[in-house]
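Below are some notes on a sheet, the helix against it and the nonpolar cores. Please read them alongside the structure.

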Amino acid sequence: MTLAQRDLAVIWHPYTQMLTAATPIGIKKGEGAYLFTENGHKLIDAISSWWVNIHGHAHPHIAQKVFEQLQTLEHAIFAGFTHLGAIDLAEKILSILPSNQRKVFYTDNGSTAVEVALKMSLQYWSNQNQKRLKILAFENAYHGDTFGAMAVSGRSAFTAPFDALLFDVIFIPTPDERNVKTLKSQITHHQSDIACFIFEPLVQGASGMLMYEAEYLDELILHCHSHNILTIADEVMTGFGRTGKLFATDYLQHKPDIMCFSKGLTGGTMPLGLTTCSQNIYEAFLSTDKLKTLFHGHSFTANPVACASALASFDILMQPQTMLNIIRITAQHHAFKLKIQKHPKLKNVRQKGTILAIEWQNNADTSYFSDLRTQLYDFFISKNIILRPLGNIIYILPPYCISNTDLNYIYEQIELALEIF
Ligand SMILES: *Cc1c(COP(=O)(O)O)cnc(C)c1O
């Protein structure tokens with residue numbers, strides 16, 4: 001039996017309508033920017049395996065460090081105990097974050113990193129006996145799939161069955177030159193109720209790689225800070241070089257109080273999440289009153305093997321070659337953007353660093369579930385490229401090791417798709 005046949009008998013896949021979905025493709029092996037299928041195809045992974053893989057698949061340095069770690073310590077309870085990997089990683093991450101970030105709280109995925117950020121913010125106020133229960137977020141946001149993360153995400157087809165149970169959030173559009181004044185006065189109006197403002201800095205990933213300017217986000221952050229509203233940057237997708245700088249927050253003058261990381265953190269090797277915060281937030285939990293403790297933790301909090309893979313990924317991230325690759329991909333994307341952006345079938349082409357998003361003109365059905373989406377997905381798979389459109393938007397978000405040859409091949413196939421669809 002093939003992997004695909006055995007899979008169908010026992011597995012329920014994420015984000016998949018199991019009745020109508022195509023048979024899953026069995027992957028046997030990964031190497032660099034490629035995934036190898038059980039049918040002998042070599043696929044270019046143009047989306048970094050759901051945005052997590054930044055240095056290529058089965059990277060030998062990460063593999064070696066994980067192997068060594070497994071022979072030393074595979075797990076240690078993280079309440080009352082600690083270990084070298086967690087400490088090393090916290091020190092190294094803090095050394096490259098904005099200098100106001102002082103403490104690292106470990107979890108094991110992006111959604112839980114967001115849950116912790118929300119709990120930190122809400123309890124920050126309750127520990128000081130202040131009633132601030134509202135959260136400010138962007139329309140079209142995506143912060144994860146657990147209930148708290150879902151609540152601060154834009155309402156959509158994905159949240160519909162749960163909408164009645166999601167807590168109240170003030171949603172505002174992403175800022176631009178025209179609306180930023182109005183948004184600020186809206187914030188002022190609610191200021192004493194708002195505990196925090198959570199945002200995906202500069203790029204809203206899951207809603208279609210929607211992009212907005214750092215300048216106006218800066219204004220909102222400054223405005224929040226001057227009204228005592230905590231700010232949370234969800235860098236789960238944008239972190240670790242994706243937007244052309246190490247962090248999207250590096251484009252900002254005003255720094256968030258709390259930051260969330262996962263995805264690229266371990267080079268896409270192991271699940272791991274981080275929530276970092278400023279000293280001010282940390283100190284609001286220090287008390288002889290035990291009730292002021294942050295009561296949150298997961299069985300796999302700061303798992304040593306996950307920390308080892310993150311440390312190995314950090315080594316590669318800090319090599320000069322990695323930033324050169326990011327700059328190279330950014331330049332290639334930019335040239336291709338200039339080439340196709342006027343195409344009559346396209347509504348918009350946008351880019352931030354290594355992310356290039358290409359939006360087809362609206363037709364009758366351009367939702368996430370549109371036929372165009374399936375046709376484009378199938379087309380690129382038939383060309384041995386993994387691109388997973390969000391509705392009528394295709395995007396390239398590759399591992400930084402991808403070659404110019406492979407990038408050019410992807411661009412050519414996109415031009416071909418523009419002739420067909
Ligand atoms: C993917 C994502 C998450 C959720 O991370 P998971 O590890 O999938 O739970 C949260 N925020 C953003 C911005 C993301 O892109």
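1. Three strands make up an open, antiparallel sheet in the order S13-S14-S16. Strands are DSSP runs of E of at least two residues, helices runs of H or I of at least four, numbered from the N terminus; two strands pair if DSSP finds at least two bridges between them. S13 (346-352) and S16 (393-396) each have a single partner strand, so one side of each lacks a neighbour in the sheet. On average, neighbouring strands are turned by 15° against each other, direction ignored.

2. The model is predicted: local features need pLDDT of at least 70 and side-chain atom pairs pLDDT 80 or more, while totals for chains, interfaces and linings use all residues. Residues are numbered from 1 along each chain as its sequence is written, and side-chain values use heavy atoms, without hydrogens and water.

3. S14 (residues 355-360) is joined to S16 by 4 bridges. Isoleucine 358 has isoleucine 394 in S16 as its bridge partner. Helix H11 (residues 320-340) packs on this sheet and touches S13, S14 and S16 (contact: heavy atoms within 4.5 Å). The direction of H11 makes about 160° with that of S13 (axes fitted to C-alpha atoms, for helices over the stretch in contact; angles from 0 to 180 degrees between N-to-C directions).

4. The largest nonpolar core has 89 residues, and Ile358 and Leu387 touch the most other members. Such a core is a set of buried Ala, Val, Leu, Ile, Met, Phe, Trp, Tyr and Cys residues joined through side-chain atoms within 4.5 Å; buried means under 20% relative accessible area (1.4 Å probe, protein chains only). Beyond four places in sequence, the contacts of leucine 387 include Ala46, Tyr377, Ile394 and Ile414.

Methods: Buried < 20%, exposed > 50% of the residue type's maximum accessible area, 1.4 Å probe, protein only.
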